[in-house]
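Me: I'm new to this one. Could you walk me through how to read it, feature by feature?

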Amino acid sequence: MVPEDRSGAATAAPLEVHGITVTYGEKPAVFSADMTVRAGELTAIVGPNGAGKSTLLKAVLGIVMPLAGQVQFFGLPLDKARDRIAYVPQRASVDWDFPTRVIDVVLMGMYRQLGLLGRVRQAHRDAALHCLTRVGMQDFAERQIGQLSGGQQQRVFLARALAQQADLYLLDEPFAGVDAATEKAIIGVLKELAEEGRTVVAVHHDLSTVPEYFDNVLLLATQVIAEGPVSTTFVPELLHKAYGGRLGAGQVIGALAETV
Amino acid sequence: MLSDALLLQLGYNATLVTLGAMMLGLSAGVAGTFLFLRKRALVSDAISHATLPGIALAFLVMVALGGDGRSLPGLLVGAVGSAGLGLAAVSFLSNRTRLGEDTAIGSVLSVFFGFGIVLLTVVQSVGQGQQAGLEGFLLGSTAGMLRGDATLIALSAGLTFAVILLMRRPLTLAAFDPGFAEVAGHNPRRSEAILMAVVLAVTVVGLKIVGLILIVALLIIPPVAARFWSEQSDRVLLIAGLIGGVSGYVGAAISAIAPDLPTGPIIVLSCFGLFALSFLLAPQRGVLAMALRHIRFRREVHLQQGLLAIAQGQPIYESLTRRLLIREGLIRADGVATPEGRAEASRRLRDVARWREIRNDPALEREAALYDGLTNIETVLTPDQLDALDARLSPQAEIG
């Protein structure tokens, strides 16, 4: 779809997806999707409700099994690239009454490095605290996770991903149901990651912030409608294709007003 | 007598059985913790009931081969076989059909158990003269347990305990956030399989001591009780092991001096005793602590509202508020504020104004977020910040 992405694939894009199809029962949730993520940039996966945004992300990561399709991370299969990938699930996907503290959740990002029996040393704790500081949650390290607000929970999830020291960050609706302060903190960290040369892909639902937050966008409505830089892809014509009648003209104009 | 039993003075065999029961309780407690954290505790009930046909079949096969039908290792192999089949049936029904896991558990449990009871009747008609004693597997019986049996139980329980400790990180992750575990390479399906294998092992090992009907209690009650004591999964794990171990020990010791009582129910009741203690007395999540916290909190709210009413010259409607204020010496019995009451009331009113003011200051955004109507602002801001704040407030007060 976008020629320059194809040529860039030779140098192993952080994430490259070909013809991925996921079905629940016999209804495709994602049909034959292609995707090539540009290194060191922020990419949003955008589309109407039920367009398969989260499903695409989960299928790419092997959390749900795709019916067909190929996925490569940095030119490698998933199993060889796990150390370079960090995933931030939807906040609602876990039980927040689980007996664990904020700092313990962040340390979970280091389990792979710690191994089965490796002792958690002060250096690990310091690293975890540093990750919490980056998301502005350092004061909450000893709190039980159930005492956090939704936005704080989301920031803890991001801190855990930071602790993984990955090159590719995949986030599922990181801005869903969070307060303005959290949204600001999260996008700040994501932009920092991109400046460090890391790659960020996020499922995103708020069209009005796409131009401000992201470099690239993938429009999804079961199939990929378009993929490319925000300036050429996030345009009314393509948005209407993705959203059909579900998108009021006002929404598109509002979203685009910020690009201009 | 009881003290003899508790102090392991009843002879080598009884001691071995008691220690075996302790090891069993320990490993059941830690294995059960992960079932509890995954909210899948009842799977163990299906597993345990599904052991019965395997036990009876193993007995029949061993007798048919001319051996001793009561050999514990042989019976346990049979139990593992049919329990594994039951577990596979539960996973198949809940993963591959539209049935929920609860339905799957209920059907597998009752069908396997029913089949087991039928086979048990067959065993009784076949094994005439040979006292099969398979009923002991229903409710547990340590009476007449062989030294080798007790050693087998203790060793396998110790092994499952070690496996759980070794796997605690991937198991925790799989219980808390399976999606993250999958991507981070901790394979939650493998963790699940290991957990189920351990639960199956604990169940089968526990058959002789606790019995298949009640083993589920030893897997569920210790973690539930332990959860009252801690907010950290590693500690919940160890406390659950401790509670399970103590219950097993005490239950088996009591059973040693009262051999007519089935062992399982005694262990379960000891376990329940520890649960009741935890439920009532645990410092943070216990019922008493929560009730006390609630009463204290209500008192704070009423005092705050009452004092603010005094400061603003409004009447106090609620009798509880009035009673609390009188008890604190802040108002007199006729409702008029005492000097202390007036001083405290104006201090609280000033704090309300201070809280309102820091909301306008972006630099104090984090502090302003701590506002809950009760927190004393002087515990949140430094004296310097308070001075600056009051300097900003006082001109407004003059205008007001």
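This is a predicted model: local features need pLDDT of at least 70, side-chain atom pairs count only at pLDDT 80 or more; totals for chains, interfaces and linings use all residues.

**Reading the sheet, the helices and the salt bridges**

Me: In what sense do strands S6 and S7 of chain A pair?

Reply: In general, strands of a sheet pair through backbone hydrogen bonds, either parallel or antiparallel. Here, S6 (residues 168-172) and S7 (residues 199-204) of chain A pair in the parallel sense over five bridges. Two strands pair if DSSP finds at least two bridges between them; helices (H or I, at least four residues) and strands (E, at least two) are DSSP runs, numbered from the N terminus.

Me: What is the strand order of the open sheet in chain A?

Reply: Six strands run in the order S5-S6-S7-S3-S8-S9 in chain A, and the pairing is mixed. At the edges sit S5 (85-88) and S9 (223-229) of chain A, each pairing on one side only. Ignoring direction, neighbouring strands of this sheet are turned by 15° against each other on average.

Me: Which strands does helix H2 of chain A touch?

Reply: Helix H2 (residues 53-60) of chain A packs on the sheet and touches S3 (42-46), S5, S6, S7 and S8 (216-221) of chain A, with its direction at about 140° to that of S6(A). Helix H7 (residues 150-163) of chain A packs there too, touching S5 and S6 of chain A, and its direction makes about 170° with that of S5(A). Contact means heavy atoms within 4.5 Å. Axes are lines fitted to C-alpha atoms, for helices over the stretch in contact, and angles run from 0 to 180 degrees between N-to-C directions.

Me: Over to salt bridges. How many does the structure hold over all chains?

Reply: Side chains of opposite charge can pair when their charged atoms come close. The cut-off is a side-chain nitrogen of Lys or Arg within 4 Å of a carboxyl oxygen of Asp or Glu. Over all chains, the structure holds 33 salt bridges. One of them joins Glu192(A) and Arg134(A), at 3.1 Å from N to O. Glu192(A) lies in helix H8 (residues 180-195) and Arg134(A) in helix H6 (residues 122-134) of chain A, so this pair ties together parts that are 58 residues apart in sequence.

Me: And in chain B, are Arg354(B) and Asp351(B) buried or exposed?

Reply: Buried means under 20% relative accessible area, exposed over 50%, partly exposed in between (1.4 Å probe, protein chains only). Arg354(B) is buried at 3%, and Asp351(B) counts as buried at 8%. Their side chains meet in a salt bridge of 3.0 Å, N to O. Both residues lie in helix H17 (residues 339-358) of chain B, three residues apart, about one turn of the helix.

Me: Which residue forms a salt bridge with Glu357(B)?

Reply: That is Arg392(B), with the closest N and O atoms 3.3 Å apart. Glu357(B) lies in helix H17 and Arg392(B) in helix H19 (residues 383-399) of chain B, so the pair ties together parts that are 35 residues apart in sequence.

Terms used
Residues are numbered from 1 along each chain as its sequence is written. Chains are lettered from A and ligands numbered from 1 in the order in which they are written. Side-chain values use heavy atoms; hydrogens and water are left out.
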